[in-house]
Amino acid sequence: MSVISPVPPSGTSPNAPMAPVVFVSDFRRLVSRLLRYARPYWKQIAASMVLMAIFAGATTAAAGFAKILLDYVLPADGIEKLNEVHPAWRAWNLTRLDILYGLTGGGLVLSMLIGLTGFANEYLRAWVASRILMDLQNELCRHLLALPM
């Protein structure tokens, strides 16, 4: 049986009261019991995870857009640097204004995607949490009503 030993907070004396010792097997049993309540909502939890991944990707893409804007579009010699770093762009013969329009449109789409996925993720997480709490409350009420008077 492994034990998670408590560590006193920094700056406190060694004799200060510490958090109680938690046995890992007890913790695993508790988590597995609580995960039983989340099992009926696995589809919503999976959808929330997919939305989180889309949110993270869109946020990263927005940072990439900002990098292209600051490194290649705004400086006067940016297009020459862009053609050196990414030779495939030379074939398109894009001007600074073309790239700026593309980044602006892409930025608007990414902003909408970030907002929608963030909202949908928060909504799903709150919905699942409230349903799990309602299931716990219903189970407690059923148990209390079944007790003898």
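Colleague: In which element of the chain is confidence lowest, and in which is it highest?

Modeller: This is a predicted model, and the mean pLDDT of the chain is 86, with 85% of the residues at 70 or more. Where pLDDT is low, the predicted coordinates should not be read in detail. Confidence is lowest in strand β1 (residues 3-4), with a mean of 54, and the highest mean, 95, belongs to helix α4 (residues 96-146).

Colleague: In what order do the elements of the chain run?

Modeller: The chain holds four helices and two strands. Read from the N terminus on, the order is β-β-α-α-α-α.

Colleague: How much of the chain counts as buried?

Modeller: A residue is buried when its relative accessible area is under 20%. Among the 149 residues of the chain, the share that counts as buried is 15%.

Colleague: Where do the buried residues of α1 fall when seen down its axis?

Modeller: Helix α1 (residues 24-38) has 15 residues, and from its first C-alpha to its last it reaches 21 Å, close to the 21 Å expected. Its buried residues are V24, Y37 and A38. Viewed down the axis of α1, these fall within an arc of 125°, so they line one face of the helix.

Colleague: Against which helices do the buried residues of α3 pack?

Modeller: The buried residues of α3 are G78, I79, L82 and N83. They lie within an arc of 135° seen down the axis of α3, so they line one face of that helix. The helices they pack against are α2 and α4.

Colleague: How are the rings of Y41 and W127 arranged?

Modeller: A search of the whole structure finds two aromatic pairs. In the pair of Y41 and W127, the ring centres are 5.8 Å apart and the planes stand at 90°. Planes over 60 degrees apart count as edge-to-face, so this pair is edge-to-face.

Colleague: How many residues apart in sequence are the parts that this pair ties together?

Modeller: W127 is partly exposed, with a relative accessible area of 28%. Y41 lies in the loop between α1 and α2, whereas W127 lies in helix α4, so the pair ties together parts whose separation in sequence is 86 residues.

Colleague: Is N121 buried or exposed, and which residues does N121 touch?

Modeller: N121 is placed in helix α4. Its relative accessibility is 8%, so N121 counts as buried. Not counting residues up to four places away in sequence, N121 touches S48, L51 and M52.

Methods:
Residues are numbered from 1 along each chain as its sequence is written. This is a predicted model: local features need pLDDT of at least 70, side-chain atom pairs count only at pLDDT 80 or more; totals for chains, interfaces and linings use all residues. Side-chain values use heavy atoms; hydrogens and water are left out. pLDDT is the predictor's confidence in each residue, from 0 to 100. The expected span of a helix is 1.5 Å times one less than its number of residues. Buried means under 20% relative accessible area, exposed over 50%, partly exposed in between (1.4 Å probe, protein chains only). The arc is that of the directions from the helix axis to the C-beta atoms. Contact means heavy atoms within 4.5 Å. Rings of Phe, Tyr and Trp (its six-membered ring) pair if their centres lie within 6.5 Å; planes under 30 degrees apart count as stacked, over 60 as edge-to-face and the rest as tilted.
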